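This report goes through selected helices, strands and residues of one model. Sequence and coordinates come first.

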Amino acid sequence: MDVYNTCDALLNELSLFANTIAEFGPPINDNRLELFEDEISFTLPLDFKYVLKKYNGISIMGTGILGLDKSLRRSSLNEVYQFEHFETAHPMPVHFLPFSPDGRGNHYCLNLMQVNDGICPVVFWQWDYNYSTVNEVEQCYSNFTDWIKEVMIEWTLEDHNYDGTSK
């Protein structure tokens, strides 16, 4: 898989959505992602970093990817990471990076312990489930770009056209 070509193709398709249903954060042109990696002591997968460098957060019909500021959502990636790991009754393992809330307290997360060749799987963390082991957490996508393709693009296109009209 050529990570950058795959990301560019997905970002091009996301850009087809009308601005009435899609929002894209500004590019990250500084070292905030690298500082965030240092802060959490994990290396982010290449596809995730590439997308955030292009758009510091994305939202399509309310489904979003958190950025490193609050420009598109009420919370930022670093704030959600802090809360979900250190301020909740059911903290996530520190190697899960919550990047997309589902609106019900659950999150799609990158499993940063399994970064391999620059990519890692996506898991679904359910906030109100008391996992006895980390292996119980559902791995739902083999990588971040597969998540974008299905959750952000395909699921949106099930009910809406690119121009935002309902199907």
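## Basis

The model is predicted, so local features need pLDDT of at least 70 and side-chain atom pairs count only at pLDDT 80 or more, while totals for chains, interfaces and linings use all residues. Residues are numbered from 1 along each chain as its sequence is written, and side-chain values use heavy atoms, with hydrogens and water left out.

Helices (H or I, at least four residues) and strands (E, at least two) are DSSP runs, numbered from the N terminus.

## Helix H1

H1 spans residues 3–14, 12 residues in total. From first C-alpha to last, H1 reaches 16 Å, close to the 16 Å expected at 1.5 Å a residue. The expected span is 1.5 Å times one less than the number of residues.

Five names make up the buried list of H1: Val 3, Cys 7, Leu 10, Leu 11 and Leu 14. Buried means under 20% relative accessible area, exposed over 50%, and partly exposed in between (1.4 Å probe, protein chains only). An α-helix has 3.6 residues a turn, so residues three or four places apart point the same way. Asn 5 and Asn 12 are exposed, on the face turned away from the buried side of H1.

What do the buried residues of H1 pack against? The partners are strand E1 (22–24), helix H3 (46–54), strand E2 (58–60) and helix H5 (144–159).

## The E1-E2-E3 sheet

E1 and E2 also belong to an open sheet of 3 strands, ordered E1-E2-E3, with antiparallel pairing. E1 and E3 (63–65) stand at the edges with a single partner strand each, so one side of each has no neighbour in the sheet. Twist averages 5 degrees from one strand to the next. Axes for this are lines fitted to C-alpha atoms, for helices over the stretch in contact, and angles run from 0 to 180 degrees between N-to-C directions.

Two strands pair if DSSP finds at least two bridges between them. E1 and E2 have 3 bridges, antiparallel. Glu 23 has Ser 59 in E2 as its bridge partner.

E4 and E5 pair antiparallel over 5 bridges. They form a hairpin with 5 residues between them. Gly 103, in the turn, has a positive phi of about 90 degrees. E5 also pairs with E6 (residues 122–125), antiparallel over 4 bridges. There, His 107 has Trp 125 as its bridge partner.

E5 (residues 107–111) is mostly covered, with 5 of its 5 residues buried. His 107, Cys 109 and Asn 111 lie on one side, Tyr 108 and Leu 110 on the other.

Ser 100 sits in E4 (residues 96–101). Its bridge partner in E5 is Tyr 108. Ser 100 counts as buried because its relative accessibility is 1%. Gly 64 is 36 residues away in sequence, yet 5.7 Å away in space, C-alpha to C-alpha. The Ser 100 side chain reaches the backbone oxygen of Gly 64 at 2.6 Å.

Met 92 lies in the loop between helix H4 (77–86) and E4. Met 92 counts as buried because its relative accessibility is 4%. Leaving aside neighbours within four places in sequence, Met 92 has contacts (heavy atoms within 4.5 Å) that include His 107, Cys 109 and Trp 125.

Note on methods:
A polar contact is a pair of N or O atoms within 3.5 Å; within protein, one must be able to donate a hydrogen and the other to accept it, and residues adjacent in sequence count only if both atoms are side-chain atoms.
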